[in-house]
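Hello,

Here is the structure I promised to pass on. Have a look at it first, and my notes follow below.

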Amino acid sequence: MDPAHGTGPDDDADEVHLVARGIATAVAPATGLTDVQADLLQAIASALTGVDVDYRVLEPLGREELADVLAGKDLDYRQRIVHHMVLGELVLRPIPTAVAHRVHQYAEALGVKDDFVRVARRYAQGAYGLAFKDLQRNGFADHVQAGGEGEIQHGPSPAGRGASAPFEPAQVDPELAARWHAFADLPPETLGFQVWDMYDGRGFELPGTPGGAPAYLAQHDFVHVVADYGTNLKGELEVFSFIGRADPDPKGFAWLATLTGLFETGYIPSTGFFDRDVRERVIQAPGMHRRVADAIRRGKVVCQNNNIDLFEVDYYTIADRPVEEVRESLGVPAKGASALEAGSVGLADLAGMSETQQRMIAQRRGGTT
Amino acid sequence: MNQNFSQTISFQVDDPAPIIALLEQWDIDQASCDIMGYMGIRLLADRENLGRYMIIADFGVVDPDVSAADEAARNNARPETQATSAKMLEHSIGEPEYHHFDELYRTDF
């Protein structure tokens, strides 16, 4: 498996199987891989490499053997393999201490020192408060703030970029609000109009207005349009899987790790912009493993095409361009058939909206409630 | 099921603010260092004895071959723990009381 540089179907099938054996051995509880683990890891392997691996029947592979398999790979590659292990344990609740410790041992054998391995160990230990501090300091917030200092810019910096606390409650900003209001006058096929329409239809307050999203967070809403993902929890998980893997920095995994903790296992109470919601187990929902895997695949292609954190793209300067043109320029591949069959709907599809958003759309369209 | 371990520290201070600041910094430091058994801490004020406080520090298993109590002992031997403890003592009136407990039950998921 080659999550960083793989070429899909050309990946060496034997190596994919060996790596899968290592991942499965690292994350298996005493009773064996759970269905969610097996389905998710299988879907990711298939989406990234084109090789179908049945995780339920793999022979064990020790950490030193896995290290030998990956000896010629660079650190980023090995780190992404470790992230697959971490994802495989993050969907467990509780995470057995033995699993978290084993993943740590595999990471060490691969020469990877990774914040998320440590966060998962804290979850396993039951030290949720410390884990949250750890995630904030060394994963999530650290990554976001580092991203804010990046040099990749295509024009004027969007408001909020590089702020020391990008997810603090948004401030009223008339200039930013005016930019968003102006999107309404753009042609319907443009990125700007479609992101405005997404806000307007769902009753979201525009960035820069009272109650609007922080400018930094609003960056991910452009990605909803570009990648064509819904805005319910399933859509959010897809969009952050996509963004996280599109990030050339492996720390982009923070998005997926955080959203999994918020919406799947409840290990995380809040990020400041999303609050914990585990009423509906998202990854465990039918087909979601394939949708997440496909989002990771698409993100990987975007990473290879651009080498840009999608939170750092200045969407304001390309807001007047047709969405299709923006997709082409970023090299965003179409959704895979597997994800579509599994129910990955587009941004405009009611099935991709929360119940509240659906009610708002109905009101805007002249319905009753 | 892993058995957690707790250490309690009872002490007297005129003002708990420096202790709170010390514990906050301790947590920040622990959150970004290599994982060990330390899970978290609570500082409680005694309502019947003003000026009396209790710290409850929890430890858990991170390595299946090392008990939580052993993790706590290892933690106690760390220079940073000794340094924090010494700073606490500077604020304490009299000698703190230490007690050690194995956890038998807790409300959990």
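**Where the two chains meet**

In this predicted model, 17 residues of chain A are in contact with 19 residues of chain B, contact meaning heavy atoms within 4.5 Å. A word on conventions: the model is predicted, so local features need pLDDT of at least 70 and side-chain atom pairs count only at pLDDT 80 or more, while totals for chains, interfaces and linings use all residues. Residues are numbered from 1 along each chain as its sequence is written, chains are lettered from A and ligands numbered from 1 in the order in which they are written, and side-chain values use heavy atoms, with hydrogens and water left out.

Chains A and B bury about 1,600 Å² between them, 55% of it on carbon and sulfur atoms; buried area is the accessible area (1.4 Å probe) that two parts lose on being put together, summed over both. On the chain A side, T97(A), Q125(A) and L130(A) lose the most area to chain B, together 34% of what that side buries.

The rule finds eleven residue pairs in polar contact across this interface, both residues at pLDDT 80 or more. (A polar contact is a pair of N or O atoms within 3.5 Å; within protein, one must be able to donate a hydrogen and the other to accept it, and residues adjacent in sequence count only if both atoms are side-chain atoms.) The elements of chain A giving two or more residues to the side that touches chain B are α5, α6 and α7, and α7(A) gives the most, with six residues. Helices here (H or I, at least four residues) and strands (E, at least two) are DSSP runs, numbered from the N terminus.

**Salt bridges**

Which residue of chain B forms a salt bridge with K113(A)? The partner is D34(B), with the closest N and O atoms 2.9 Å apart. K113(A) is exposed, at 67% relative accessible area, and D34(B) is partly exposed, at 49% (buried is under 20%, exposed over 50%, partly exposed in between; 1.4 Å probe, protein chains only).

Within chain A, D134(A) and R122(A) form a salt bridge at 3.0 Å between the closest N and O atoms. D134(A) lies in helix α7 (residues 128–148) and R122(A) in helix α6, twelve residues apart. D134(A) is buried at 0%, and R122(A) is buried at 1%.

Best wishes

Notes. Salt bridge = Lys/Arg side-chain N within 4 Å of Asp/Glu carboxyl O.
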